[in-house]
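Thanks for coming, everyone; I would like to walk you through one structure, slowly enough that the terms make sense along the way. Please have a look at it first, and then we will go on together.

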Amino acid sequence: MKRTVPLCIAALVGFVLILSEFIPFAQSWGRTAMIWFDILAAFAFVLGGANLLKIHLLKISSQRVGWGYSVITVAAFTITMVIGLGKFGVTPSESFPQFTWSGDYLQDGSGFWWMYQYVYLPLASTMFALLAFYIASAAFRAFRAKNTEAIILLVTAFIVLLGRTYAGIWLTADPLAWLGQTLYGDPQALAMFRLDVVVEMIMGVFNMAGNRAIMIGIALGIVALSLKVLLGVDRSYLGSEE
Amino acid sequence: MGDFFTNLDRRWIFLGMGIVVALPMLLGLSFPEEPSDMVRDVFAAVDTLPEGSNILMAYDYDPATKGELEPMAAAFTRHCAKKKHKLYFITLWPAAVPMLRQNIDILESEFGDDYTYGENYVNLGFRPGNEGVIKVVVTDLKELYGNDVNGQDLQKIPMTRNLKNIQQMDLIVNVSAGTPGAKEWVQYAASKYEIKMVAGVTGVGAPALYPYVPAQLTGLLGAIKAAAEYEQTLIDAYPEFAENPATNEALRRMGPQLIAHIYIVALIILGNCIYFTDKRRGAAR
Amino acid sequence: MNRNQNVTLIVVIVAGVFLAIRAATGEFGKVYTRTETVEFTPEVQEQVGDSVKPWTIEKPVDRAEIRDAQGQLRADVHLNIQRTLGLWLAALGTLCILSFLIGDNVFYKLAEAVVVGASAAYAMIVGFWTGIVQNLFGKLMPGVMRETVLPGIPESNTAEYVYIIPLIFSVMMLWRLAPVGGWISRWPLAFFIGATAGIRLVEYLDADFVQQIAATIIPLIVVAADGSIDYAASLKNSLIVVSVLSCLVYFFFSFEHRGVMGVTARVGIWVLMITFGAGFGMTVMGRIALISDRFNFLFYEWLWLPKPG
């Protein structure tokens, strides 16, 4: 019951969805399964939020190291949730003004919009912006041309870094035009060696080929893993024996 | 000197990075952009569609990536509006809901005379489920989207009244920061149902999508550089856009980009010089 | 004082002096808005009559349009305290996060705690209003939803009781938080996993395997329309085919990489190194654009520094 039924559910849903790709009368079953999937996904957000609340409340109650910050987290969570659920500052929809709660929960100027615009957006975007600094530090400390492969990687990186800005054109356009004119009488003769053109070639040929091979490998891996899950061979998602 | 660099506090590197990005921005350093073939293909995909074509504007990005993707999304919105296409805004990311709103603000403020909500554009908003949403809307959109973000029944909105699914779209324009995003739209919609699609993605995500071009994905804009090239192509094709400073947001950011790239290259070269010097010194001992 | 504290003190003093100069020489850090009254469409006006009065909304005004040619505040524009406070909160929050570059500190940890809590609640609220209210409650009890939050639901819509099944599954999923009976959440989790496995098996096989192989079956010698050999296209196609095959040979670990296989695998590694180098270059590009955006916010939206050009 605790493990057999979930295995059957996983297999049933999975094979219904596979069947729905090939058999027309099964298409509606597949669509129903996906609609239920989407509803469950919405509850997964609720589960995630509630889980966060649980972890931090436990941390506060047991007064572990850093519990003060957990208070801040819980406070921010609760305030955002109350404002969002209560639709504070949301005016009714202009199409249904007689219904007070008909307005969009993220309406411009509402409380929830304010939390997004002035709390979530700047903090989340700055968090990721820090990566620019760390990439500079990593470039200085970690990228070493220790062997042939590393040299190829670094040379390609240089070409892409310079070629994807005006520096690529500035460094190579005029010199190559002069060389082409001198050697072949045509300034465009060596244009294919301009850094920006070389970058396009690298991206469109070698990068594309490497990523295609990776993609094919991943696809085979996904197919194998999906089959293992649907056939009940891989049961890791069920957790420990209970 | 070598010891100084070997033991360099990384905060000096951070400060350097801050300066090389801030100074060009404050000085307004900018450079001309020459659109690449890929950008031209993406531009042509939107520009050659007959006026009033149905375009699904699938904007899947969040605050963490808005710095890179917002100019791209805005350029797409302006271009499609200029061509008077019918725009259906949708997203698979919860944090992208205000991003759709910002692009609709562009339509209202810059194209308000020619563009009416419900007749020229509609905001379908977000639904949870990642690729599950694509799986449903590609066969029956109204099973998942009964109404738009304003609560209006899709049956009552002129441009969605006869909309059964996104196979009726002439083009999918996807701006994507990760998963779910361009890859999922290609796999579950564009590739399977042969719907034409163009995508704008982050620099991180662009290399992995090249295998889809051109058979499954007509064109790809990768990173802020491609956004700048697209803006330049837009201004070249429609010079009236040059009067609006908001249309060259990506172009303005290429100045700091160039200086920062040179800084990174210099750091890598310097780091390697120190490494090989130390190695030789160690071997000599 | 230790080194960290010295650095922090210098940064705070420099920033403080800069802000003081900025405040003394001009205004900044304000949000101005214009009040507008919503207009109902004729159909809606006819429906509601005088029972509902149109309300007002605040529209932000660009700083270039705040003052007239004489430098006076325009009559219809006013300072919005709510949004101005928000702008300062956003700016200070941005600086708190950036302070992590100096070293881990209490300001960064505070900002981090706030964003963790706010982002989790944000996702929950969005999921609730879009997924649960629209697609679950709207299907199970359309009448109630029509009278409250979803008046756009057609009158003809009746309750679809089959949606009780996803409702039951959803409640079972929330059981994961309970101290006992955690196994109950395995049923909806299995539904999730099975559905994901089912859709991905087919789509990855199609888009990422079959179609990728098809896209690699390309002519090694390209003949142009006039019958001549297009050497550039032929070279490009040959390079693509050789590169893809050599990378695939590298990933084939069932045979030892020796002899011809070894050489091919080595070529594959080189192609992959080019791939990763290109990936690194593009990643750097992406990250710098993010910090560019934050500086744009701090310089032009908060500090109101003059925009060049």
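Before anything else, one term: two strands are said to pair if DSSP finds at least two bridges between them. Please keep in mind, too, that what you see is a predicted model.

With that term in hand, look at chain B, where strand E1, residues 54–60, and strand E4, residues 171–176, pair in the parallel sense over six bridges; within E1 and E4 you can find B:Ala58 standing opposite B:Asn174. These strands belong to an open sheet of six, with parallel pairing, whose order is E3-E2-E1-E4-E5-E6. Strand E3 (121–126) and strand E6 (219–222) of chain B each have a single partner strand, so these two form the edges, and one side of each has no neighbour in the sheet. On average, and ignoring direction, neighbouring strands here are turned by 15 degrees against each other. Across E1, E4 and strand E5 (197–201) of chain B lies helix H7, residues 182–193, which runs at about 155 degrees to E4(B).

Now to the contact between chains: 49 residues of chain B are in contact with 43 residues of chain C. On the chain B side, the largest share, seven residues, comes from H2(B), and that side as a whole divides into 23 nonpolar, 16 polar and 10 charged residues.

Finally, the largest nonpolar core has 230 residues, among which A:Leu40, A:Ala136 and B:Phe89 touch the most other members, while helix H4 of chain A, residues 111–141, gives the most to this core, with 19 residues. A:Leu40 also reaches chain C, where the residues it touches include C:Pro166, C:Phe169 and C:Met173.

Definitions and conventions:
Residues are numbered from 1 along each chain as its sequence is written. Chains are lettered from A and ligands numbered from 1 in the order in which they are written. This is a predicted model: local features need pLDDT of at least 70, side-chain atom pairs count only at pLDDT 80 or more; totals for chains, interfaces and linings use all residues. A nonpolar core is a set of buried Ala, Val, Leu, Ile, Met, Phe, Trp, Tyr and Cys residues joined through C-beta atoms within 7 Å. A residue is buried if 20 or more other C-beta atoms lie within 10 Å of its own, exposed if 12 or fewer, and partly exposed in between; C-beta atoms are placed from the backbone. Helices (H or I, at least four residues) and strands (E, at least two) are DSSP runs, numbered from the N terminus. Two residues are in contact if their C-beta atoms, placed from the backbone, lie within 7 Å. Axes are lines fitted to C-alpha atoms, for helices over the stretch in contact, and angles run from 0 to 180 degrees between N-to-C directions. Ala, Val, Leu, Ile, Met, Phe, Trp, Tyr, Cys and Pro count as nonpolar, Asp, Glu, Lys and Arg as charged, and the others, Gly among them, as polar. Lists of a residue's contacts leave out its neighbours within four places in sequence.
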